[in-house]
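Here are my notes for someone opening this structure for the first time. Please keep the sequence beside you while reading.

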Amino acid sequence: MTAGSSQQNAAGVLLIIHLCFYGGYQLTELQVCHLCNGTVQNGTALGQFCSAAAGLIDGRCCLLRKQNPSNADYVIGLDLSNCSLSHVEDLQEASTAAMIDLSLNPIVNLNNSLFQGFIQLGYLALPANLACPGGNASWDKVEVKGDTCHCEGQKDICNLTGHLSLNCPENSLCSAYGPGFFECSCVDDFHGYKCLREGKFPIIQVFGLLGASTVLVSILLWVTQRRKVKSV
């Protein structure tokens, strides 16, 4: 075997290792982008959106690259249309998406909490037999065209008059948390159960007491173990 052929074989092995490592890395990094074969097509609404946003296509996802290289890319669009999906269980990897297309799939129903936390979602395409998450009141426009239900313009549920925003306790603020969802956060200087306690959270006192308790328990355990050793 010549030196040239040895180098070629070594280069081939390195190439295979590189492809296996990085291919596996991409697959496990954002699995939602590879729930089915194919890629985002340029002619689709999501493809045009991705192009306008200068996004990066990875499988069925449109990713936006963060300026800091140490931070991972995040999903701004997800196209899982015509993927023969009968059910969808988890899309949290795409919780930053502004557009999601699940149309042309034999999906019978969706979990009510599937889109919890999707505060950026402005457009959602579903099979015509499914309702928009959160109900029609959670969207500016709901329209069924052919085999697709279009949910456009997610509303801030906290701004709906006489709606669930009144369920937040006193001394707290309501914030949208996905279509039909909201969360309550204590305002400044309030904390605890239902934001009833006023004043800043006593971090030093709480963690000081916790640290002292930990040290005391450790000493007691050490003394107990020493006695057992001596008795043996």
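Predicted model: local features only at pLDDT ≥ 70, side-chain atom pairs only at ≥ 80, totals over all residues.

1. Three of them are described here.

2. Start with Cys132 and Cys151, joined at 2.0 Å, S to S. Cys132 sits in the loop between β5 (123–127) and β6 (139–145), and Cys151 in strand β7 (residues 148–154), so the link ties together parts 19 residues apart in sequence. The S-S torsion is about -95 degrees, so this disulfide is left-handed. Both Cys132 and Cys151 are buried.

3. Cys149 needs a closer look. Its closest cysteine sulfur is that of Cys132, 3.8 Å away, which is too far for a bond. Cys149 is buried, at 3% relative accessible area.

4. Next, Cys158 bonds to Cys174, with 1.9 Å from S to S. Cys158 lies in the loop between β7 and β8 (172–176), while Cys174 is in strand β8. The link is left-handed, at -70 degrees. Cys158 is buried at 13% relative accessibility, but Cys174 is partly exposed at 25%.

5. Cys186 and Cys195 form another disulfide, 2.0 Å from S to S. Its torsion is -85 degrees, again left-handed. Cys186 is partly exposed at 33%; Cys195 is buried at 5%.

6. How many salt bridges does the whole structure hold? The search finds 2. Arg65 pairs with Asp73 at 3.3 Å, N to O. Arg65 is exposed at 58%, and Asp73 is partly exposed at 22%.

7. Lys141 meets Glu143 at 3.4 Å, N to O, in a salt bridge. Lys141 is partly exposed at 42%. Glu143 is partly exposed at 27%.

Methods:
Residues numbered from 1 in each chain as written. Heavy atoms only, no water. Salt bridge = Lys/Arg side-chain N within 4 Å of Asp/Glu carboxyl O. Buried < 20%, exposed > 50% of the residue type's maximum accessible area, 1.4 Å probe, protein only. Disulfide = S-S within 2.5 Å. Helix = DSSP H or I, 4+ residues; strand = E, 2+ residues; numbered from the N terminus.
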